[in-house]
Amino acid sequence: MLLKRIIYKKTKLVQPTVNLNYVFPLKNKIALSKQSFAQITDINMDILEEHNILTYTIQIYNGERTPINLIDYWVSVRSKSTGATYSSVISTADKTKSKISSKTSQTIRFFSKLDKNVKLSDIKFELVKWDFSSVGYMRKLGELSVTKAFNPAVKTNMYKTVFLSDTPIKLNISDFSSAKMSSEDLFSISLQLQSLGKRTLTSPKLKFYLKSNTGLTYPLSADLSQDVSLLPSQKRVISLGTSVPDVSGITSWMLQINQEDETAKVELGIATFQLPTSTSSLNTIPVNQEKIISVNNKKVGARVKFATALDNDSQGVSVIVSLINRDTSAIPLPKYDFKLVTNGYTFPLSSQDKDSSISLNPMQEKTFSLKTTVPATIGTQDAQLIMLQQQDASAGSDTATNAVGFPVGIFKLGNLVENNPGKSMFMDTASGTYQVTMDSIQRLPWADTDVLAIHFKLKNPNYTRSVPVPKLQGYITIDGITAADTDTKYIQPDSVYLMAPNTEIDGYLVTKIPYYSEYSVLQAGLQEKVGESITEVAQFMQGHHQIEFPAVSLNAEFKSSTKGKQAMFRVRSTKSYSGSGTTIFYAEMELNNLEARNTNLPQIVGFFTTGNGDYYKASVSQQDIPTTARGKSLVSLWLNCQITSIPQSLSC
């Protein structure tokens, strides 16, 4: 039999490379000689009230052996339709350029003041050389026309390289978000600059504008704390923002970047970027996704950890915002304001944090617990969080955004009611990440007060690594009023200091309330204290309904899984003894030690109840010595009362 060997060759599919660098579309060149040429490399138009400012850049290459004298050449701007000529002026920064050496090139930026009705597609550039032997003492070398399809706006996801003080700088939009408020729209833009040059760029005079497709122009405020100077290969992110009136008919926006020519008293356009639509992914920063913001030219990660609202007539909204230092040195944080925007309405979010001066060390985190109330008639189905940096009006900016703060981030919260973390969530602490579950809320009698006990289960979700038990504390807020710190405690009954992989422990957050009080909304927050810093790590909200006690039948068993004190409880008998005018109710409970060591089992506090909310404290007799490993102990509970003061049907 003839066996054929078949060889399969695996071919790797190569995805086509997409060039995201903006390439100027007008490629035509005008010859200056056989080896030298000129071409336009950039065009921008700034629309003003009475006229337009055309800014264009010409690159001249000298391929000859001798230098080119720039004074021998000039550029004119003409209207194709009317033939009108507009004078060109060299920018102040380029006026010192007089010669181009052999085998090198130079870029020169010009500007022209055009009539208001002149469009880019209506102009052409004529390059002439002064020649005293020609008519009019000039000789036309050629012309370049702007096509009808030409659009100077760079697409959102692309990079554009511009020259500032002869230093190539790559620009791109790294983030954009917008929010529609009741009577205005709020915009937040992050612009990244990267130096491609070999020299330091020192504080270029840049101006930023938001332009609509209908021709409206609004100034953008830049974060006044940011320095735009760039070292070679350095990157910086400039935060820009503004609020504009809600105007109908606007379908798109652009970012216009100008450089101020102080000597000529004019702003020269250097780049225009198309901004994303509201459906763009750049416009969505969901819960638990981090956004890098710039603070004093350093990186800070901003993230909404969770956001919830109760589904009732007065929706209590709670949002936790985290800021973490992603840089290599300490960062003093500015002051921030937060607003909730939902269905066209704006609500200020208040914070419990009163610390006005906060500095973050590298990788240190600061959380803000924010709260507000939204009427159910408005709803929170499509809510957004606006993060505003407070501006110092004395710092030199007179823009309107200073009145409300500078927008540095807009976060999409979604439907807050559906986000309600009624059961479980992950929490980040200095010790690691844990899964915390609100297991139950119980209201227990205690003398003339009630104890509100919230039972949590903390789990180490890591399957390979142990983590230390986090040091937690907490607070309980009832209908917007926070319980006193002296009455609120976090209790960890488990006698462990380390959590093995995929294990869990119990925790209780307890406080006291008057036994007759009722409430509508309960909010529980877990906090981690590291040194003097307190960080909120988890938060839960619950309506007035508390989880009922589990009912355990006579002789049935109930297990307590508290580590170090694991035990099985069983009520093995109940009796009542009636006498002359009094009745004694009696119950025996058996405790089975499930630990492998002698253990002080939990001390029992008991009540007899009628089941309708009336509680009667029981006397308890329990041994005060450790129970042997796997051994048992007996607990007696009794109630002695007058027959007329208590129902005959009780449960323990």
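The model is predicted, with local features requiring pLDDT of at least 70 and side-chain atom pairs counted only at pLDDT 80 or more, whereas totals for chains, interfaces and linings use all residues. Residues are numbered from 1 along each chain as its sequence is written, and side-chain values rest on heavy atoms, with hydrogens and water left out.

The secondary structure consists of zero helices and 49 strands; helices (H or I, at least four residues) and strands (E, at least two) are DSSP runs numbered from the N terminus. Of the 652 residues, 46% are buried, where buried means under 20% relative accessible area, exposed over 50%, and partly exposed in between (1.4 Å probe, protein chains only). The protein exposes about 34000 Å², of which carbon and sulfur atoms supply 51%; accessible areas were computed by the Shrake-Rupley method with a 1.4 Å probe, and for residues only the protein chains shown count as cover. Among contacts (heavy atoms within 4.5 Å) between residues at least 6 apart in sequence, 65% join residues at least 24 apart.

An open sheet of five strands was identified, with the order 1-2-3-9-7 and antiparallel pairing. Its edge strands are strand 1 and strand 7 (88-90), each of which pairs on one side only. Two strands are taken to pair if DSSP finds at least two bridges between them. Strand 1 (residues 30-31) is joined to strand 2 by two bridges in the antiparallel sense, and a hairpin connects these strands through five residues. Within this pairing, isoleucine 30 stands opposite alanine 38 of strand 2. Strand 2 also pairs with strand 3, again antiparallel, over 10 bridges, and the hairpin that they form has four residues between the strands. Strand 2 is largely enclosed by the rest of the structure, because eight of its 11 residues are buried.

Rolling a probe the size of a water molecule over the atoms shows where empty space is left. On a 1 Å grid over the protein atoms alone, a cavity is a set of points where a 1.4 Å probe fits but cannot get out, and a pocket is an open set with protein on both sides within 12 Å along at least five of seven lines; lining residues have an atom within 4 Å of a point. Grid points are joined across faces, edges and corners, and a volume is the space filled by probe spheres set on the points.

The structure holds two cavities of 30 Å³ or more. The largest cavity contains about 70 Å³ of space, and its lining comprises Ile30, Ala38, Gln39, Ile40, Ile58, Val75, Phe125, Glu126, Leu127 and Leu144. By class, the lining of the largest cavity divides into eight nonpolar, one polar and one charged residue, with Ala, Val, Leu, Ile, Met, Phe, Trp, Tyr, Cys and Pro counted as nonpolar, Asp, Glu, Lys and Arg as charged, and the others, Gly among them, as polar. The second largest cavity, with about 50 Å³ of space, is lined by residues including Thr599, Asn600, Gln622, Asp624 and Ser633. Its lining divides into two nonpolar, seven polar and one charged residue.

The second largest pocket has a volume of about 770 Å³. Of the 34 residues lining this pocket, Arg109, Val162, Phe163, Ser165 and Asp166 are the closest to its centre. Two or more lining residues are given by each of strand 2 (37-47), strand 3 (52-62), strand 9 (104-114), strand 13 (160-164) and strand 20 (253-261). Strand 9 provides the largest share, five residues. The pocket lining divides into 10 nonpolar, 14 polar and 10 charged residues.

Serine 329 was examined individually and is found in the loop between strand 24 (314-325) and strand 25 (331-333). With a relative accessibility of 27%, serine 329 counts as partly exposed. Not counting residues up to four places away in sequence, serine 329 touches Lys298, Leu360 and Pro362. Serine 329 and lysine 298 are separated by 31 residues in sequence, and their C-alpha atoms are 8.6 Å apart in space.
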